[in-house]
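Dear colleague,

I am handing over the structure below, together with a short account of what was found in it. Please look through the sequence and the coordinates first, and then read on.

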Amino acid sequence: MLYLNYKNRMSKVILFFVFISGLAFTAEAQSLPSLRKQGVATQLIVEGKPYLMLAGELHNSACSNVEYMDGVWPRMKQLNMNTILAPVSWELVEPEEGKFDFTLVDAMIQGAEKSGIKLVILWFASWKNGGSIYMPSWVKKDYKRFPRAMNREGTSIEILSTFGEESMKADAKAFAAFMKYIHERDRNHTILMVQVENEMGILNTIRDFSPAANKAFNGPIPQDLSTYLSKNKNQLTPELQKVWIENGSRTTGTWEEVFGRSTLDVNNWRAMSFYTEELFMAYHYARYVGHIAQAGKKEHNIPLFVNAWLKGPDYPWTGRFPGGGPLPQVMDMWRCAAPAIDFLSPDIYVPHFREVVEQYDRLGNPMFIPETRGGDVGASRVLWAIGEHNIMGFSPFGIDRIRRTPASQPAAPVTDPLASTYELLDGMSELILQHQGKGTMRGLLVEKESPKQTFELGNYIVTADASMTQLLETAPAGGLIIQLGSDEYIVLGRNLNVRFAPRIPGDLPLIGVDKVYEGVFKNGIWTPGRLLNGDETHCSTFSGTGLKMPGLSIQRITLYRYK
Ligand code: DGJ
C-alpha cells in the first residue's frame with residue numbers, strides 16, 4: 001500500500017516535471033524568430049512582435065577576423081542598421097571532418113549583442129556565387145567522394161555537382177551542427193534567420209553534364225514534381241505554365257517531353273533561352289539545399305531562405321547567370337523540391353529593380369532583399385519596396401565599406417543617405433508594420449523612365465513626381481504613404497511632390513490642405529515639428545494640392561472637401 005502511494009506520488013512528480021519542461025519548450029519555441037501572415041504580407045516576428053530589418057550585408061571576408069569586426073560594429077550602429085547580414089563559412093567551422101570550431105560564430109553573436117544589432121547568417125558552404133570555394137580542404141581535395149559538375153565536353157568545373165549525395169550529406173551535417181550550436185548558444189535570439197548557400201547555380205555550361213546528371217535529364221521527371229504539377233496546375237508561375245501548356249500539360253515524361261526542347265534567342269535577354277535546362281538544374285539545386293535546410297531546421301527552427309544572382313542584359317540565360325538558382329522563373333521548382341526553405345529572395349544589381357521585386361512577390365513568397373545597392377538609389381528604393389511590397393527587410397551589400405567616421409573619432413553628423421532614411425524608418429517602423437498587408441499603405445517610386453506615378457488610396461487619387469526632375473538623372477525619388485483616416489495621410493518621402501485629388505468628386509468635388517506638419521517618430525510616437533504652409537506646400541489651383549518633399553522628410557497631411 002505504502003509502496004503504491006509512493007509510486008503514485010512519484011508519477012505525479014514526474015508528470016509535473018514533464019508538464020513544466022513542456023511549457024518551457026513551448027515558450028522557447030514561441031519566442032524563436034518566425035514568419036507570420038498579416039493580410040497579404042508576411043512579417044518576421046521577433047520576440048513576439050513584427051520586426052523590420054533595416055539591414056546591410058558585410059563584405060565576404062569581414063567576419064573571418066574578430067579585430068576587423070571590432071571596428072565594424074560601431075560603424076554599423078552609426079549607420080542606423082538594426083540588422084547585419086554576415087557569412088559563416090563551412091571551411092572555418094569544420095576545418096577537419098567532424099571537428100567543429102564555432103569561435104568566430106561566438107564572437108559574432110557577442111559583437112552584435114553588445115552593439116544592439118541582430119544578425120542574419122549567410123551559410124557559405126557547397127556554393128557561393130555559383131562556384132564551390134567555401135568548402136573545407138578535405139572536401140575540395142576529395143573530388144571522388146565530392147564530385148564536380150561537368151560541362152558538355154565532360155570536363156569538371158569548380159562547382160559541386162547537385163548529384164553528389166555525399167556532398168549534400170556532408171554539408172547538411174555541418175549545417176545541422178551549426179544550427180544546433182546556435183540553438184544552445186544564441187539564447188537572446190540575436191540570429192533572426194539563415195540564408196542557406198549563396199547565389200548558387202551552374203555557371204559556364206547550360207546544365208550539369210556529368211553522367212548522373214545526363215541520366216536524370218534523359219529520364220522521367222521526379223515523382224514529387226509530377227504530383228506538384230497536377231496539384232498546382234492552376235497556380236503555377238506564368239513562365240512555367242506557358243511552356244507546360246504548350247507541351248501538352250503532361251505530368252509524366254522526360255524533362256524535354258514535359259517542358260519542351262529549349263530554344264536560344266541570342267538577341268533577347270528576356271527570352272526563355274535554355275529554360276528546360278534551367279528548370280532541371282533548379283529542381284536539383286532545390287532538392288539538395290532543401291535537404292540541408294531540413295537538417296538545420298530540426299536543430300533550430302528559424303526562417304531559412306535562399307538568394308539569387310539574377311538574369312539580366314549581361315546574364316541572359318542559365319550558365320551566364322548561375323542556372324538553377326532561386327530565380328523567379330523557376331520558383332515552382334524550389335517550392336516543390338525545397339519545402340524547408342521559407343522563401344526565395346533576389347540580389348538586385350540589375351537595372352530593372354521594380355520588375356524584379358514584382359516577380360518575387362508572387363505565390364505568397366515572403367519578401368526580403370538581401371543584397372542590392374545602397375546610397376541615394378537604395379535610400380529611395382527601400383521606401384518604395386516597404387510601402388508597395390511589404391518587404392521584411394532591405395540590405396545593401398558591402399556595408400562595412402561605408403565609413404561615416406573613423407571608429408576612433410566621435411560621430412560626425414549622418415551624411416549617408418541610406419543611414420538618414422533608416423533613421424526615420426526606424427522611428428516609424430511600428431506604424432509601418434501595423435499597416436503591412438492591409439491595403440492602407442503604398443510605395444512611391446519616381447524614375448527618369450517613369451517620372452509620374454498615380455494610384456488610388458482611400459478617398460483620394462495620389463500622384464507623385466520628382467521635386468526636381470534633374471535629380472532623377474542620378475537616382476530615383478521614393479517614398480511610402482500610409483492612409484491614417486478618411487482625409488489624413490502620412491508620407492515618408494525623398495525628393496518628391498505628392499498631390500491629392502478626390503477619388504469620387506460627389507457633392508464636395510473640391511479639396512484643400514487643412515494642415516501639414518513635418519515631424520518624426522520618437523520611440524514610435526509622432527512628434528510634430530514645423531507646421532508647413534505657403535511655399536512649403538502645394539495648396540493652390542495652379543500647382544495642385546499636397547506635399548512638397550525636397551530632401552528627406554516625414555509629413556502628415558489632413559485634407560478638407562468643399563464646393
Ligand atoms: C553577390 C554575392 O552574393 C556577394 O557575396 C558578393 O560577392 C557580391 N556579389 C559582390 O558584388
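The protein falls into two parts, with domain 1 covering 51-207 + 279-400 and domain 2 covering 439-562. Please keep in mind throughout that this is a predicted model.

The two domains first. The centres of domain 1 and domain 2, taken over C-alpha atoms, are 37 Å apart, and where the domains meet, 12 residues of domain 1 are in contact with 16 residues of domain 2. The size of an interface is often given as the accessible area lost when the parts come together. For domain 1 and domain 2 the buried area is about 1,200 Å², with 57% of it on carbon and sulfur atoms. On the side of domain 1, the residues that lose the most area to domain 2 are Arg354, Ser380 and Leu383, which together account for 43% of what that side buries.

Polar and charged groups also take part in this interface. Three salt bridges are found across the interface of domain 1 and domain 2, and eight residue pairs, both at pLDDT 80 or more, are in polar contact between the two domains. Helix H14 (residues 375-389) gives the most to the side of domain 1 that touches domain 2, contributing 10 residues.

Next, the ligand. Around the ligand are Asn60, Lys128, Asn129, Asn198, Glu199, Asp347, Glu371 and Phe397. For three of these residues a distance from a side-chain N or O atom to an oxygen atom of the ligand can be given: 3.0 Å for asparagine 60, 3.0 Å for lysine 128 and 3.1 Å for asparagine 129.

Finally, the salt bridges of the whole model. The structure holds 21 salt bridges, and one of them joins the side chains of glutamate 184 and lysine 180, with 3.5 Å from N to O. Glutamate 184 and lysine 180 are separated by about one helical turn, because they are four residues apart in helix H6 (residues 165-185).

With best wishes

Definitions and conventions. Residues are numbered from 1 along each chain as its sequence is written. This is a predicted model: local features need pLDDT of at least 70, side-chain atom pairs count only at pLDDT 80 or more; totals for chains, interfaces and linings use all residues. Side-chain values use heavy atoms; hydrogens and water are left out. Domain bounds come from an automatic or database domain assignment. Contact means heavy atoms within 4.5 Å. Buried area is the accessible area (1.4 Å probe) that two parts lose on being put together, summed over both. A salt bridge is a side-chain nitrogen of Lys or Arg within 4 Å of a carboxyl oxygen of Asp or Glu. A polar contact is a pair of N or O atoms within 3.5 Å; within protein, one must be able to donate a hydrogen and the other to accept it, and residues adjacent in sequence count only if both atoms are side-chain atoms. Helices (H or I, at least four residues) and strands (E, at least two) are DSSP runs, numbered from the N terminus. A residue is near a molecule or strand if one of its heavy atoms lies within 4 Å of it.
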